[in-house]
Amino acid sequence: MAGSTPGTPPQTTAKGPAATAAPEPWTARWRARLYRARRRLRRTGVDYFRGDASDWLAFAVFLLAVPLLVLLNVWIPAWVPPTALVLPILAGSLLLRPGTLVLLYAAAALGLSTESLIHTGERVASDRPDTYVFGVTPGAALVVGAVGVAGLLLAQFRSRVGVPWRGGGSMLFDLRERLRVQSMVPELPEGWDADMALRPAGGQSFSGDFVVAARTGPGRRVLEVVLADVSGKGMDAGSRALLLSGAFGGLLGSLPAHEFLPAANGYLLRQDWEEGFATAVHLVLDLDSGEYELLSAGHLPGMQRLSGAGRWEVKESVEGPLLGIYDGAKFEGVRGRLNRGDVLMLCTDGMVEVPGRDLTEGMDRLMGEADRLVAGAQLASGSRGGAVRLIETVAKDVNDDRAVLLLWRQ
């Protein structure tokens, strides 16, 4: 080839993207590394919050705190007593797994023994041993041991439940709020109003009484409300009420009205609970005509105030059997009509049942207090608080779950 020396490879000029690519700047490499580290840290934090990650970091922190507290106890014993070792023990019981917690306890026991030896030596070497007041007393050792045992029981409970302490409280709060939201009566059309209140026994957060409600039918012009009372009260019945409220909420509107209580009864029977019965009343209200039907499963009758007559009428139907007692139960209903100015009231037995007092007397008192609400115009359009006032007036100090629902037509 002309212009080239034999044995020498021809010289070419590189073209294209490969020739123009420059080394990646160090700033871009550092940004990529920082991004990966941030993602790894965030993933680790999420896993730790969920209880899925290793607890070695928390264990290392608490383990370092033990010799630090021992040194402070030797240096300034008046400010850091031997019982200060309960601090890492208590924190560890909330964060560590039971196996890791035992290792922390061993370190704390070693630290307590070290403090005892050092203070004993200082007392012996002191010119006036009788005036030396520092040291590990049997009471201090007992306090640290008792906190350790309680912490281990707590850690074992967390491990058995499978819910980290950081999320357990928020989960219960979320469940309580979901139950509260599910108990709210949906927004009603113009001319209708409702007010509902629930109060658990003993001021607890969970109740065995619950309400589920939904707008159903063509054009959502039918209101269905179920007021139920699970056997037991407070926290004992709260978990069952939470499960049943979800199941009842799923059934409501999915079945014809007369099939709801039989389906709820079958569901409760399938749970095979040792204490698994419940009472319930099912209201089906036509929001156009005001006609309604109440179907009862061993529940208290409804109460209607007739505005034209100025009196209350007990809507007592053929009381059906309790839910969860036997299969194939039949439930009969009672019909009525809400005219303008009428009020319909449903409640659980905690509102009217008091030992030594007749049930009819309790219902009369409740209807009398409800009459005062009507007379005081507290059941006006959009008003709330009447149901709470009824509980405060009629059943404030009753040690039972209480629920009351007021529904009125303007």
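A salt bridge here is a side-chain nitrogen of Lys or Arg within 4 Å of a carboxyl oxygen of Asp or Glu. The model is a predicted one, so local features need pLDDT of at least 70 and side-chain atom pairs count only at pLDDT 80 or more, while totals for chains, interfaces and linings use all residues. Residues are numbered from 1 along each chain as its sequence is written, and side-chain values use heavy atoms, with hydrogens and water left out.

By the salt-bridge rule, the count comes to 7. One of them joins the side chains of Glu369 and Arg372, at 2.9 Å from N to O. Both residues sit in helix α10 (residues 359–375), 3 residues apart, or about one turn of the helix; helices (H or I, at least four residues) and strands (E, at least two) are DSSP runs, numbered from the N terminus. Glu369 is buried, at 15% relative accessible area, whereas Arg372 is partly exposed at 48% (buried is under 20%, exposed over 50%, partly exposed in between, with a 1.4 Å probe and protein chains only).

Now for the rest of α10. At the N-terminal end, Asp358 does the capping: one of its side-chain oxygens lies 3.0 Å from the backbone nitrogen of Thr360.

Glu291 pairs with Arg337, the closest N and O atoms being 3.7 Å apart. Glu291 belongs to β5 (residues 291–297) and Arg337 to β8 (residues 333–337), so this pair ties together parts 46 residues apart in sequence. Glu291 is partly exposed at 47% relative accessibility, and Arg337 is partly exposed at 39%.

Glu293 and Arg335 form another, with 3.6 Å between the closest N and O atoms. This pair also links β5 with β8, so it ties together parts that are 42 residues apart in sequence. Glu293 is buried at 9% relative accessibility, but Arg335 is exposed at 60%.

Key. A polar contact is a pair of N or O atoms within 3.5 Å; within protein, one must be able to donate a hydrogen and the other to accept it, and residues adjacent in sequence count only if both atoms are side-chain atoms.
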